[in-house]
Amino acid sequence: MPDRPRAERATQNRVVKLFADKSYADCLGYDHLGDWSKREGNRNIEPEYLSANLKRRGYTEAQISAALRQLQAAAEISGNTLYDANLKTYGLLRYGADVQTSLGEPVRKVHFIEWDPAKAHLNDFALAEEVTLRGGYERRPDIVLYLNGIAIAVIELKRSSKDKSEGIRQLISNQEKQFNESFFSTVQLTLAGNDAQGLFYGTVGSPEEFYVQWKDEAGLAGGNAGAMLDRPLSQLFDKKQLLDFLYHFVIFDGGIKKVPRQHQHAGIKAAQARTRKREGGVIWHTQGSGKSILMVLLAKWLLEDDPDARILVITDRDELDEQITKVLRNAGLDSARVSSRADLVDKLGATAPRLLCALIHKFDTTDLIGVPPPTHQRASVTRSHA
């Protein structure tokens, strides 16, 4: 295999320094596992690293062994599509595995990742370079990021004279059956970039046209060499930011895995901040800007963050109401459509479902004189227009 062009190698060296060189002022604090080009048995779940982390967090050998078997079985592609394996794996990563080590013992939850930002230091963030993947046609991603020994991101870097699309196409082809499909059952983010165009990201199964750029949040231009690549990497892979992104911003929508564009992520973070202060607000959308995904992300967060919250999604067209209800259900949210004005009053007066979808004209209450209004629970309202 020919040597990597010098400019491309220089970019990779700088990015590795950003992640793992502790002497570097802006280092993200990841561990450098080394060059794995000649290492045998590279895989998406590294049992040695995962077991060591779980042991340090207080789990017994029996619990670790049982939990690891569950995770490895979920990540297995055989008999599953990559989407199905990724969905099952993500469920275990997000919610943990239920483990019973012997008959009569209580079931205990084993969490593969410590999601609490206050305990982020209990996780092991690491990277490996030139991770040779075998099993199909051999491929070698530039950088693989591991969280507690579990591969969660793959990065392909190109020199400035090459378009970032080459890296994106590598990421996509690597997920094909004849290449290294099985490695991607745990992966959450796939990224490609160079110093001239910056950083572009998607997730498992994302077509090329759905890879989008993560830009420097400060909006700075120029600066040091590689700033268009390094600043976005520093922001997205800050340890607490990464945990938050993986926990709150991954959607499985009826066979398609999705992650938000940067403006959607920013909108959700702003909405979360205002909601916590009991303040309302407006997120202005243009056509095609992703209203439905934003509503799914916000609804999912509201229902989990506040066990007493109820959500009412209001639209102005029947086909839009039907579409949003379907999107919410595909994402695993139990949503119900309001069929009439009387049905709206009944559903608001009940404790369930917590997530409702209704048309704006259902609020015409002129024919409901004498019907008592609901007397308990507040509702959070999100409006969407075409």
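Me: At roughly what angle do the axes of α9 and helix α10 (residues 318–330) cross, and within what distance do they come?

Reply: Two packed helices are described by the angle and the distance between their axes. Here the axes of α9 and α10 cross at roughly 50° and come within 10 Å. (Axes are lines fitted to C-alpha atoms, for helices over the stretch in contact, with angles from 0 to 180 degrees between N-to-C directions.) This is a predicted model: local features need pLDDT of at least 70 and side-chain atom pairs 80 or more, while totals for chains, interfaces and linings use all residues. Residues are numbered from 1 along each chain as its sequence is written, and side-chain values use heavy atoms, leaving out hydrogens and water.

Me: How are α9 and α10 placed relative to each other?

Reply: They are oblique to each other, since angles under 35 degrees count as roughly parallel, over 145 as roughly antiparallel, 65 to 115 as roughly perpendicular and the rest as oblique. Ser292, Met295, Val296 and Ala299 of α9 make the contact (heavy atoms within 4.5 Å) with Gln323, Ile324, Val327 and Leu328 of α10.

Me: Which residues of α8 are buried?

Reply: Look for Gln262, Gln264, His265, Gly267, Ile268, Ala271 and Gln272, which are buried in α8. (Buried means under 20% relative accessible area, exposed over 50%, partly exposed in between, with a 1.4 Å probe and protein chains only.) Residues three or four places apart in an α-helix point the same way, because there are 3.6 residues a turn. (Helices, H or I of at least four residues, and strands, E of at least two, are DSSP runs numbered from the N terminus.)

Me: What follows α8?

Reply: Next comes Arg278, with a positive phi near 60°.

Me: Is His248 buried or exposed, and what does His248 touch?

Reply: His248, found in helix α7, is buried, with a relative accessible area of 18%. Not counting residues up to four places away in sequence, His248 touches Arg94, Leu297 and Trp301.

Me: Where is Ala126 found, and which residues is Ala126 in contact with?

Reply: Ala126 is found in strand β4 (residues 125–129) and is buried, with a relative accessible area of 8%. Leaving aside neighbours within four places in sequence, Ala126 is in contact with Tyr30, Asp31, Leu33, Val144, Leu145 and Tyr146. The C-alpha atoms of Ala126 and Lys22 are separated by 13 Å, though these residues are 104 residues apart along the chain.
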